[in-house]
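Keep the viewer open as you read.

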Amino acid sequence: MIRRPIIAALVLTTAFSVSLANAQQTASFKSFTAFRNVVPDIDFFASSRQAIAPYEKPAGEAMAKLKQLFGANLPKGAIFICSTQVQKDAVYEPKVIRSGYSWSLTVETPEVRAQAMLARIKSQMGGDVPAEVRDRIQKMQPEMMANAQKDTVTLIAQQIAYAVIQTLMDKELQYRSSRLDDMGKSPLPDWLDIGIASYASGVNTAFSYLKQNMDQTFPIEDVLSMARPFVASASGQNGGGGRSGGGNFGGAAGGGMPGGGQGGFPGGGRSMGGFNGGGPGGFPGGFPGGGGGMGGFGGEGGQRGQRGGQQRQMSKDEQDRTIFDGQALTLFSFLLEKIGIDKVKELIKQAQEGKETREYLSRPDVLGSDFAKIEEAWTAWVKAQK
């Protein structure tokens, strides 16, 4: 016969467990409305359903492709769409993780980034922002905002892939979105991390640069085992340097892929970036900034700004990273086409177990051991892509 105190303890323990589970499922965050499972395994937090609409399809497609490769049980994440500075300041990652999520991403809308850029300009100019500049930022044209929104959506789709890969591979990982570029967080070789993320998100910002510089590529055998080239971060937040996105705002969440986007300066980090440095509908008569200062505001009559953004050429490290990223994403797509998704999944499984990807690819039933021939086939394949 079970005594009453024991029964009471069991009831209390059960109630606590249910309460904890409900807390994880119903976690709320100040200034946000929760939109749960809009995309399977992702909860969105935003001001309105309209704010998350642009992200639903890309996020859903990225998660679907990741499930093709890794199975249905992916780590659950939260994405915060910040439409105001107050919302941005309210996001606290440790609380998000304690609420039961494996990863989180914070998205700043173009409006919020415009406000932040205005504040940085004010700081750099000693508190005196010319009225003309302030008015241009505050009255940004719809086309420019749409371009910035598109860049943000593209970047977040890629970040979802990195976040899922990293937290899936390491259940104990203390996730930090500022370390997304740290390939060391995943046991997979760097080229495979980048290839998978590019495939899942559809991001191929390094492809154009790769095609223009095929004479500078690394040997495929080296790509399979080498670390992603290091680029010092302009923001000082991580060793990752720029990410994809680039252009309009110098990257949606911390820098643009060298050579990517529609303006600003390559790999712009977080320092001023550049508003669509010279694109159509940009700010007339932009600043001539460059390097780590204020990027171009571009537009008609804004060629000064565009020239200023172009003054900063990519460093050798940035060039190497962009080439590597281009090779990684094209090699992964090449493998999908040549050996099929089942063998690619087996390749990923072998890599998770710490086995060399070169060994798997050199098998007679995969690509074979003649890597000179493999490189020729890959090169021809890349040149045939548009």
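## Surface and overall make-up

The accessible surface of the protein comes to about 17,800 Å², and carbon and sulfur atoms account for 50% of that area (areas come from the Shrake-Rupley method with a 1.4 Å probe; for residues, only the protein chains shown count as cover). This is a predicted model, in which local features need pLDDT of at least 70 and side-chain atom pairs count only at pLDDT 80 or more, while totals for chains, interfaces and linings use all residues. Residues are numbered from 1 along each chain as its sequence is written, and side-chain values use heavy atoms, with hydrogens and water left out.

The protein has 15 helices and 4 strands (DSSP runs numbered from the N terminus: helices are H or I with at least four residues, strands are E with at least two). Of its 386 residues, 50% are buried (under 20% relative accessible area, with a 1.4 Å probe and protein chains only). Among contacts between residues at least 6 apart in sequence, 64% join residues at least 24 apart (contact means heavy atoms within 4.5 Å).

## The sheet and the helix across it

The 4 strands of an open sheet follow the order E1-E2-E3-E4, with mixed pairing (two strands pair if DSSP finds at least two bridges between them). Strands E1 (33-39) and E4 (103-108) each have a single partner strand, so one side of each is left without a neighbour in the sheet. From one strand to the next, the twist averages 20 degrees.

E1 and E2 (residues 42-46) run antiparallel and are joined by 4 bridges; Thr33 stands opposite Ala46 in E2. Helix H2 (residues 49-70) lies across E1, E2, E3 (77-82) and E4, at about 30 degrees to E1 (axes are lines fitted to C-alpha atoms, for helices over the stretch in contact, and angles run from 0 to 180 degrees between N-to-C directions).

## Helix H7 and the cores

What span should helix H7 have? At 1.5 Å a residue, its 28 residues (142-169) should span 40 Å, which agrees with the 41 Å between its end C-alpha atoms (the expected span is 1.5 Å times one less than the number of residues). In H7, 22 of the 28 residues are buried.

The largest nonpolar core has 71 residues, and those with the most contacts inside it include Phe44, Phe70 and Trp191 (a core is a set of buried Ala, Val, Leu, Ile, Met, Phe, Trp, Tyr and Cys residues joined through side-chain atoms within 4.5 Å). H7 supplies the largest share of this core, 10 residues. Apart from this core lies another, of 9 residues, among them Phe32 and Tyr101.
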